[in-house]
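Work through the two exercises below with the model open. Each task is followed by a solution in steps.

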Amino acid sequence: MHHELFQQLTEDNIEEFLDSVDTVLLDCDGVLWRGEDAIAGSPETVRMLRAMGKQPVFLTNYSILSRKELMAKFQKLGYEVNEDEIYSSATLAGLYLQSHLNHDETVFILGSQGLHDEIESFGVTVAPFDSEDHVFDIQGLTETLKIDPKIGAVVVGFDINFNYRKLLRAANILSSEETHFLVTNEDPRLPSNDGWIVPDCGCLIESVKKATGRSPTVLGKPNTFAWDFISKRFHVDPARTVMIGDSLNTDILFGYNCGLRRSLVLSGISSFEDVTKRIAEVKDHPEAEKWIPNYYVQSLGTLANYASRVGLCDVDIESDSVISETSIEEDIGVIGDEIWRDIKGVAQPNEIRQELITTV
């Protein structure tokens, strides 16, 4: 299959696309669900992929839940998943610490109980946190601060109870350059169903970086740490693997970094307008393709909808899984024409698209 950049998946090319893929890496937030609600059509698409003999692998930067908790969420939302197919950033933290800490070393965690539980499931000891009693001055904090010399690593994840005491302790533990500084992910915000801006782990990490002057090891996407485990566990052929996600800065860049094809779904963080803006920003960059998906589609459910229409599968997709599909495609056409004119003056959009969209 000829792999262009930023081509729309449609009824005309869905069969060719699916025939070219054996392994499908799927982000979760914005692809499979938003908040506590499944994105309509996504459970059916995962079932369709399995029925076609594809191997789905679920790769999320979400660190709040352990794999057992994620399994419960998958099942509640109608997804058929095996636990060993789930790679969260919390799982990656456990894998990293399992191989990098000495047997008598512990880890200090800024994060959720789920992150604690997942790391402990790999046989790693989590250092207990000190008192949460309210202290109203710096001297009071430093006088009660205790640093266990056995702590060999600090992991920063999403922590809804992040506070100054935790920051103070993490900064002092990390004053030793021998202490591992790990972060689950650097995403600035989480997808939201209700329009609220929900700051993610990246916002917390910045404060720890400022306090310590250190750069962390980032475990989640777009870094390739997960790929080493996934490719070996599932004997993956990169040429027959696609990364499907909703974020240009994490999912799409991760796919590029691992040598995979990338498909953006427009049901989460990044919009069509975001892609066209990105094209305008990087069009002259020698590695412009690293920030641009090979494909785009309205939602994961749209894949099964197209496959069903052309007779590749027999699935009953809820009508709202492809809500406003036609109108969105019309909007995309208008926006696309405008952005191509903005980039290359008065040339025809298709001519410009051919010029900008190079093979990978």
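**Exercise 1: a helix and its surroundings**

Helix 10 (residues 248-257) is mostly covered, with seven of its 10 residues buried (under 20% relative accessible area, with exposed over 50% and partly exposed in between; 1.4 Å probe, protein chains only). The model is predicted: local features need pLDDT of at least 70, side-chain atom pairs count only at pLDDT 80 or more, and totals for chains, interfaces and linings use all residues. Residues are numbered from 1 along each chain as its sequence is written, and side-chain values use heavy atoms, leaving out hydrogens and water.

Task: identify the buried residues of helix 10, their packing partners and what flanks the helix.

Solution. 
1. Helices (H or I, at least four residues) and strands (E, at least two) are DSSP runs numbered from the N terminus.
2. The buried residues are Leu248, Thr250, Asp251, Ile252, Leu253, Phe254 and Gly255.
3. Their packing partners include strand 2 (23-26), helix 9 (225-233) and helix 11 (272-282).
4. At the helix start, a side-chain oxygen of Ser247 lies within 3.3 Å of the backbone nitrogen of Asn249.
5. Gly259 follows helix 10 and has a positive phi, near 75°.

Key:
Contact means heavy atoms within 4.5 Å. A polar contact is a pair of N or O atoms within 3.5 Å; within protein, one must be able to donate a hydrogen and the other to accept it, and residues adjacent in sequence count only if both atoms are side-chain atoms.
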